[in-house]
Amino acid sequence: MDLDVFVTAHHAEWDRLDHLLRRGRRLTGAEADELVALYQHTATHLSLIQSSAPDPALTARLTQLVARARATVTGTRRASWRDATRFLTAGFPAAIYRTRHWWVPAAVLSIAVAAVIGWWISTHPEVQSAIAAPAELRDMTRPGGQYETYYSSNPAASFAAQVWTNNAQAAAMCLVLGAFLCFPVLWILFLNMLNLGVGIGLMSSAGRLDVFLGLVVPHGLLELTAVFVAAGTGLRLGWTLIDPGPRPRRTALAQEGRAALGMALGLALVLFVSGLIEGFVTPSGMPTWARIAIGIAAELAFLAYVYILGGRAARAGDQGDVDPADRSAELPTAA
């Protein structure tokens, strides 16, 4: 394509579009129709230039012109309570449901790793001695020791806030670092399972595994599920970079990235509930069965939320992405 000839043929359209966009008064009906037509033509011109004869200065000018025209044509929209309701009842659960083939296997494998680590530590005294001195191990695992007092070491509200912040950071790291070809997410998962496995192994070797599970299960079910969902989403995002499928890589990453951003907001709410359970239920004086029942109920409610509401929304076509009106316009391509 001869760029000079192309610019000569179409620069009048671009100037006219720029003129209409700069008009201070309201456009007439005919002018509005003309603006829409010029916007479509200019978007096509930009696509042709980018694919055939990229020129930095001209591309920058037309990109800015197309963006201004799109903002004028589509208008701006403010977020409302309807958007928040739609996100919580459709977008967020649909996004989790869509990634279930990633986070469910991640959950199963992670729990298996934690169990193996726990068994290895509990059956090998030399491994226990490498973790800490015998006196320190007794102080951690004895009745009233560190494992038990950890959940009541601070006021409940303060402890819940601290736990929520730490877990939200871990989930956010899984979501963000997934773009780095999945490896950081796998490392974060391993560190979490290593901590869990050490606790299982040490308390099991002291004959107090039931006490440990009674402290971890009430909040741990929902907390770990949120971490697994974040990890699965991060892994999906990283795999999209490797294999975007039929979509262009940029489009695929943009779509999955927007879904991951929404997932971060939703998981922050899930982890807030988990933090409340860990701060107020886990260290409470309720019987162990009651605390575990609350944890199981919270976990079942979350799974029902994902598989019922999320499954219904996903089957209806919701992918957890933002509304089409809020997405960047995809430029038409030359045939």
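Colleague: Before we start, what do you mean by a helix axis and a crossing angle?
Modeller: An axis is a line fitted to C-alpha atoms, for helices over the stretch in contact. Angles run from 0 to 180 degrees between N-to-C directions. One caution: this is a predicted model.

Colleague: Fine. How do H10 and H11 cross?
Modeller: The axes of H10, residues 183-205, and H11, residues 209-242, cross at roughly 170°. They come within 11 Å. Angles over 145 degrees count as roughly antiparallel, so H10 is roughly antiparallel to H11.

Colleague: Which residues meet there?
Modeller: From H10, they include Val185, Leu189, Met193, Leu196 and Met203. From H11, they include Phe212, Val216, Leu224, Phe228 and Leu235.

Colleague: And what does that contact look like by class?
Modeller: The contact of H10 with H11 has 16 nonpolar residues, three polar and no charged ones.

Colleague: What about H11 and H13, parallel or antiparallel?
Modeller: H11 and H13 pack at an angle of about 10°, with axes 7 Å apart. That makes H11 roughly parallel to H13.

Colleague: Which residues meet in that pair?
Modeller: Gly214, Leu215, Val217, Pro218, Leu221, Leu222 and Thr225 of H11 are in the contact. Their partners in H13 include Thr288, Arg291, Ile292, Glu299 and Phe302. By class, the contact of H11 with H13 has nine nonpolar, four polar and two charged residues.

Colleague: Step back a bit. How many helices and strands in the protein?
Modeller: There are 13 helices and zero strands.

Colleague: How many residues, and what share is buried?
Modeller: The protein has 335 residues, and 40% of them are buried.

Colleague: What share of the contacts comes from residues 24 or more positions apart?
Modeller: Counting contacts with a separation of 6 or more, 77% are between residues 24 or more positions apart.

Colleague: What does UniProt mark as transmembrane region?
Modeller: The unreviewed UniProt entry gives residues 102-121, 170-191, 211-238, 259-277 and 289-309 that annotation.

Colleague: What does the model show over 211-238?
Modeller: Residues 211-238 are 100% helix and 0% strand. The end C-alpha atoms are 38 Å apart.

Colleague: And over 259-277?
Modeller: Residues 259-277 are also 100% helix and 0% strand. There the end C-alpha atoms are 27 Å apart.

Colleague: On to the core. Which residues touch the most other members of the largest one?
Modeller: The largest nonpolar core has 51 residues. Ile96, Tyr147, Leu196, Leu202, Phe212, Met263 and Leu267 touch the most other members.

Colleague: Which elements give two or more residues to this core?
Modeller: H4, H5, H7, H9, H10, H11, H12 and H13 do. The largest share of this core comes from H11, with twelve residues.

Colleague: Now Gly320. Where is it, and is it buried or exposed?
Modeller: Gly320 is in the segment after H13. Its relative accessibility is 13%, so Gly320 counts as buried.

Colleague: What does Gly320 touch?
Modeller: Gly91, Ala94, Ala95 and Ala259, not counting residues up to four places away in sequence. Gly320 and Ala259 are 61 residues apart along the chain, yet their C-alpha atoms are separated by 5.4 Å.

Colleague: What about His45, buried or exposed?
Modeller: His45 sits in helix H2, residues 29-52. It counts as buried because its relative accessibility is 7%.

Colleague: Which residues does His45 touch?
Modeller: His45 touches Phe6, His10, Glu13 and Trp14, with residues up to four places away in sequence not counted. His45 and Trp14 are 31 residues apart in sequence and 9.7 Å apart in space, C-alpha to C-alpha.

Colleague: Last one. Where is Arg142?
Modeller: Arg142 is in the loop between H7 and H8. With a relative accessible area of 40%, Arg142 is partly exposed. It touches Glu148 and Arg208, not counting residues up to four places away in sequence. The C-alpha atoms of Arg142 and Arg208 are separated by 8.4 Å.

Methods. Residues are numbered from 1 along each chain as its sequence is written. This is a predicted model: local features need pLDDT of at least 70, side-chain atom pairs count only at pLDDT 80 or more; totals for chains, interfaces and linings use all residues. Side-chain values use heavy atoms; hydrogens and water are left out. Helices (H or I, at least four residues) and strands (E, at least two) are DSSP runs, numbered from the N terminus. Angles under 35 degrees count as roughly parallel, over 145 as roughly antiparallel, 65 to 115 as roughly perpendicular and the rest as oblique. Contact means heavy atoms within 4.5 Å. Ala, Val, Leu, Ile, Met, Phe, Trp, Tyr, Cys and Pro count as nonpolar, Asp, Glu, Lys and Arg as charged, and the others, Gly among them, as polar. UniProt positions are given in the numbering used here, feature names are shortened, and annotations may be inferred rather than shown by experiment. A nonpolar core is a set of buried Ala, Val, Leu, Ile, Met, Phe, Trp, Tyr and Cys residues joined through side-chain atoms within 4.5 Å. Buried means under 20% relative accessible area, exposed over 50%, partly exposed in between (1.4 Å probe, protein chains only).
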